[in-house]
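Reader: I am new to this structure and would like to know what stands behind the words used for it. Please take the terms one at a time.

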Amino acid sequence: MGKIFVVGFGPGSEEHMTFRARQAIEHSDLIVGYKTYVDLVRDLIGDREVLRTGMTEEVTRAQAAVEQAKSGRTVAVISSGDAGVYGMAGLIYEVLMEQGWEPGDDPEIEVVPGISAVNAVAALLGAPLMHDFAAISLSDHLTPWEVIARRVEAAAAADFVIALYNPKSGRRTQQIVETQSILLRYRAPETPVGIVKSAYRERQRVEVTTLEDMLNHEIGMLTTLIIGNSSTREYHGRMVTPRGYQRKYTLTGANERGRLDPMPWALGSTKD
């Protein structure tokens, strides 16, 4: 039987790639991917055969990967971030489902998880995802804008922290403007917003601004935004969304009498 690894290799830096992602690429006969992603892991690919295509040719890549795996080859379909988050995993399964594939049939498939953009961006910004959040892509290439706008409004009304993928491109510029307008109906203008370009790559840029001012910053296809909720705070250039511990616990380490509370591991005897 052939095999398809659907590999999420993380932000692109080698130190943020999982061991299993490395294994999958190294054990594959053929690497299939968007040309920019292929370049990011070129050192791992070595002299393996590569099928690289452009940005809007995902279906071609998926069909080719399935065809090659059915011929007995081991194929790695690579995605940045996590392959199951706006990546290639779903499309590979859709192609297989169209062919009547079932688990146990040829080819075998394994999805290899990776650090998604929202995780990478959040780490650089501080701790903005400590409470419930929603991830929304503003690309209307496959999803009607009316559907996207409803999702933005629903997440805004529910006070989710919101991560925005694909916020803007050279030809698609109005969606981010409309998104800001929707968010301002539900959130204060001073709500913290994190803007990260190329997380953990050479041209990385990290900025913290406000909902009111965010459109005055550079935003493009390589940018991911995190919009804070009503409790998110900016702190020395970082974003923090409290989980609610301060409502139940004293975070200074002192109890109501001013004495330090013992740590849990200090409650028992120290004797053997």
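Author: What follows is a set of questions about terms, each answered with a value and a cut-off. The model is a predicted one.

Reader: How do you know that the chain has domain 1 and domain 2?

Author: The domain assignment of the chain gives them, with domain 1 covering 3-115 and domain 2 covering 118-240. Their C-alpha centres are 28 Å apart.

Reader: What makes residues of domain 1 and domain 2 count as being in contact?

Author: Contact requires heavy atoms within 4.5 Å. Ten residues of domain 1 are in contact with ten residues of domain 2. The area buried between the two domains is about 780 Å², and carbon and sulfur atoms give 65% of that area. Of the area that domain 1 buries against domain 2, 56% is supplied by Pro-11, Tyr-86 and Ile-115, more than by any other three residues.

Reader: Why is Thr-232 called buried?

Author: Buried means under 20% relative accessible area. Thr-232 has 2%, so Thr-232 is buried. This residue is in the loop between strand S11 (223-227) and strand S12 (233-235). Setting aside residues up to four places away in sequence, Thr-232 touches Val-161, Pro-192, Met-239, Val-240, Thr-241 and Pro-242.

Reader: What makes the pairing of the side chains of Thr-232 and Thr-241 a polar contact?

Author: The cut-off for a pair of N or O atoms is 3.5 Å, and one atom must be able to donate a hydrogen and the other to accept it. The side chains of Thr-232 and Thr-241 make such a contact at 2.8 Å. A polar atom of the Thr-232 side chain also lies 2.9 Å from the backbone nitrogen of Asn-229.

Reader: Is Gly-8 buried or exposed, and why?

Author: Gly-8 is buried, because its relative accessible area is 1% and the cut-off is under 20%. Gly-8 is in strand S1 (residues 3-8). Beyond its neighbours within four places in sequence, Gly-8 has contacts including Ala-21, Ser-79, Asp-82 and Val-112.

Reader: What separates the C-alpha atoms of Gly-8 and Gly-87?

Author: A distance of 7.9 Å, although these residues are 79 residues apart along the chain.

How values were computed:
Residues numbered from 1 in each chain as written. Predicted model: local features only at pLDDT ≥ 70, side-chain atom pairs only at ≥ 80, totals over all residues. Heavy atoms only, no water. Domains from an automatic or database assignment. Buried area = accessible area lost by both parts, 1.4 Å probe. Helix = DSSP H or I, 4+ residues; strand = E, 2+ residues; numbered from the N terminus. Buried < 20%, exposed > 50% of the residue type's maximum accessible area, 1.4 Å probe, protein only.
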